[in-house]
Structures are given as structure tokens and as C-alpha cells.
Amino acid sequence: MRKKLVVGNWKMHGNRASNAQLLSGLKDAGPWTADVAVCAPFVYIADTALALAGTAIGYGAQDCSAQEQGAYTGEVSTLMLADIGCRYVIVGHSERRAYHAESDQLVADKAKVALAHGVTPIVCVGETRAEREAGQTEAVVKRQLAAVIHTLGHCCGEMVVAYEPVWAIGTGLTATPAEAQAVHAVLRAQLRAATERADGMRILYGGSVKPDNATELFGQADIDGGLIGGAALKAADFAAICRAASA
């Protein structure tokens, strides 16, 4: 039985006052039997770490460099993330792929350097609306995941995978539980071909997860929790999703 994982992706939202209020609300609402974490903007990770000290809630970053260190102005390495206790880092989010032209190989390289320094990469895959309507969903997500599997080799069993259909992120649209499960099953099969640890790996769903649809989504055989965007910015909503994952 895989333990559910719920990760809040704050994206480029928040300030010190609102973050403190959000984290206070989360601490008051927990603990949960599911694993829970939040991924804050870089400048607020240290504050988040202090606020969550002594709790079971983990924290992480929304991106990292593919380089370990050096003359890379504006970049943040996983060495730095590990140094401040980050447990997770999101790599390959569709917004990074779209707005920063990140390739499948760059995403794979980021995942590799994260694992090398003890930070668990949450590797995002997902198709656009046009790709889904063209019947390309399976080909797209398998291509994206294949690059990471090839680069990580036998270590691929240590990552977390997140399926986020691009058309469902921040749009209010959500894949039906059956649609989401179908893609998760494809990803699980691909992982099984690559590692004997596949059945213990967690594959999260992201894309307009809310308190009212979380229970049904998380009840699917291969959906092991969620990568939560908008709902992660409201303590009551995020806590409700964590309760659904803990049921």
C-alpha cells in the first residue's frame, strides 16, 4: 500500500505575512496520515522551514539548476536546497517547459542532480489540450518520462512522478478520475519496465484538484496523491485535500 503524498505548489504567490498565516493554518489542521509538503518560492523557503520546524510537514522548492555550482547568475542548486533541508524539488512543471523552453533532457538532468544530493525530484509530465485532442496524450507523457528514466538509470525508482494535464492547470477543468487513472496506469507500466521499485513509487495527479474532487481522484488505483496549485494557497482547502488523501 503506497502512502499518499500531497504537495502544495505555491508558484509565484505569497508574502511573509500571508505565508505565515497559511502555514499556521496548516499546522493547526494537521497532522495527517498522508505525507504532506509545500514548495515555496526560493526567497521564502527559509521562513517556511522555520515555521514548519517540529512538524511532520515537509518543504521544498519549485525548481533547481541542472548545475551543482558555478557562475550561473540567478540559478539555485540542489546543493543549496539540501543545505537548508529541502526534501523535494519540482522539476519539469509545464510552466517551466512552456515559459522557459525547458527540454525533456534538461528536466532529466535536474532530476539527476537533485537525487545526487538527497533531494527527491517531483518530475512533472503532461499534455496540452491540442495534444489530447489529437490523441497524443500517451505518446507525450511517455516521451517526457522516458528521458528521465534513461538519465537516472537504476535510480529512477527514487523519484516521484506527477501527471499534470496542461489543459487542467489553473483552468478549473479537471481530468475525470477515469481519465486521470488511465494516464497514471500508462506511467506505472512504463516505470515497471524500467525498475522493480515501480509498484512502490508514487505518481501524483495535478490539475485543479479541489476538496470536492480529491476523494474520488485519490481513490483510483494508481493515483497516489496530488500536486496542488491554487487550492494550496488556502489553508482550509489544502487541509481538506490532505484529509482526503489520509482517508
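Helix H1 passes helix H10 in a right-handed crossing, a crossing being right-handed if the near helix is turned clockwise from the far one by less than a right angle, and left-handed if anticlockwise. The model is predicted, so that local features need pLDDT of at least 70 and side-chain atom pairs count only at pLDDT 80 or more, whereas totals for chains, interfaces and linings use all residues. Residues are numbered from 1 along each chain as its sequence is written, and side-chain values use heavy atoms, with hydrogens and water left out. Helices (H or I, at least four residues) and strands (E, at least two) are DSSP runs, numbered from the N terminus.

Two packed helices are described by the angle between their axes and the distance between the axes. For H1 (residues 16-29) and H10 (residues 235-246), the axes come within 9 Å and cross at roughly 35 degrees; the axes are lines fitted to C-alpha atoms, for helices over the stretch in contact, and angles run from 0 to 180 degrees between N-to-C directions. On H1 the contact (heavy atoms within 4.5 Å) is made by Leu 22, Gly 25, Leu 26 and Ala 29, and on H10 by Ala 235, Phe 238 and Ala 239. These residues comprise 6 nonpolar, 1 polar and no charged, where Ala, Val, Leu, Ile, Met, Phe, Trp, Tyr, Cys and Pro count as nonpolar, Asp, Glu, Lys and Arg as charged, and the others, Gly among them, as polar.

The end C-alpha atoms of H10 are 16 Å apart, which agrees with the 16 Å that its 12 residues should span at 1.5 Å a residue, the expected span being 1.5 Å times one less than the number of residues. Buried residues of H10 (under 20% relative accessible area; exposed is over 50%, partly exposed in between, with a 1.4 Å probe and protein chains only) are Ala 235, Phe 238, Ala 239, Ala 240, Ile 241, Cys 242, Ala 244 and Ala 245. Their cover includes strand S1 (5-9), H1, S2, H9 and strand S8 (225-228). Arg 243, also placed in H10, is partly exposed, with a relative accessible area of 49%. Between Arg 243 and Ala 29 there are 9.3 Å in space, C-alpha to C-alpha, although the two are 214 residues apart in sequence.

Most residues other than glycine have a negative phi, and most peptide bonds are trans. The peptide bond from Gly 30 to Pro 31 is cis, with omega near 0 degrees, and Pro 31 is found in the loop between H1 and strand S2 (35-39). Ala 101, in the loop between helix H4 (94-99) and helix H5 (104-116), has a positive phi near 55 degrees and counts as exposed at 66% relative accessibility.

Ser 208 likewise has a positive phi, near 60 degrees, and is found in the loop between strand S7 (203-205) and helix H9 (211-218). This serine counts as buried at 14% relative accessibility. A polar atom of the Ser 208 side chain lies 2.8 Å from the backbone oxygen of Ala 168. Beyond four places in sequence, Ser 208 touches Ala 168, Gly 170, Thr 171, Gly 172, Leu 173, Thr 174 and Asn 213.

Asp 222, in the loop between H9 and S8, counts as buried at 11% relative accessibility. Its side chain makes a polar contact with the side chain of Gln 181 (2.8 Å), a polar contact being a pair of N or O atoms within 3.5 Å; within protein, one must be able to donate a hydrogen and the other to accept it, and residues adjacent in sequence count only if both atoms are side-chain atoms.
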